[in-house]
Amino acid sequence: MSWTTLKTTSARWEAELMYQLLAAHNIPARILDLGMVSYFGAGSSAALQVRPQDQWTALLLLSPVEEQHSDVQEP
């Protein structure tokens, strides 16, 4: 099975949070440890990976929600 990297982060907890969100939507994912970071207290670097066929669905789920601006007047 092939995997594609969706996101790399310097905080493993961030990758775990995204992993849990994808798991809640039944999207197979995995976290790869990339090693220790060079400064104290930041945790370890990690990469979040998904299957290629789930890449766009995962990106949509993890993307920020667009806000509607109420200052725009509709005709």
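## Packing of H1 against H2

In this predicted model, the axes of helix H1 and helix H2 (residues 55-62) come within 10 Å and cross at roughly 115°. Angles of 65 to 115 degrees count as roughly perpendicular, and H1 and H2 are therefore roughly perpendicular to each other. The handedness of the crossing between H1 and H2 is right-handed. On the H1 side, the contact is made by Met18, Leu21 and Leu22; H2 contributes Ala58, Leu61 and Leu62.

## Geometry and faces of H1

Helix H1 covers residues 12-24, a total of 13 residues. From its first C-alpha to its last, H1 reaches 18 Å, close to the 18 Å expected at 1.5 Å a residue. Just after H1, Asn26 adopts a positive phi of about 60°.

Three residues of H1 are buried, namely Ala15, Met18 and Leu22. Viewed down the axis of H1, these buried residues fall within an arc of 65°, so they line one face of the helix. Of these, Met18 and Leu22 also take part in the contact with H2. The other side of H1 carries the exposed residues Trp13, Leu17, Gln20 and Ala24.

Trp13 is located in helix H1. The relative accessibility of Trp13 is 59%; because exposed means over 50%, Trp13 counts as exposed. In sequence, Trp13 and Ser44 are separated by 31 residues, while their C-alpha atoms lie 9.1 Å apart in space.

Terms used
Residues are numbered from 1 along each chain as its sequence is written. This is a predicted model: local features need pLDDT of at least 70, side-chain atom pairs count only at pLDDT 80 or more; totals for chains, interfaces and linings use all residues. Side-chain values use heavy atoms; hydrogens and water are left out. Helices (H or I, at least four residues) and strands (E, at least two) are DSSP runs, numbered from the N terminus. The expected span of a helix is 1.5 Å times one less than its number of residues. Buried means under 20% relative accessible area, exposed over 50%, partly exposed in between (1.4 Å probe, protein chains only). The arc is that of the directions from the helix axis to the C-beta atoms. Axes are lines fitted to C-alpha atoms, for helices over the stretch in contact, and angles run from 0 to 180 degrees between N-to-C directions. Angles under 35 degrees count as roughly parallel, over 145 as roughly antiparallel, 65 to 115 as roughly perpendicular and the rest as oblique. A crossing is left-handed if the near helix is turned anticlockwise from the far one by less than a right angle, and right-handed if clockwise. Contact means heavy atoms within 4.5 Å.
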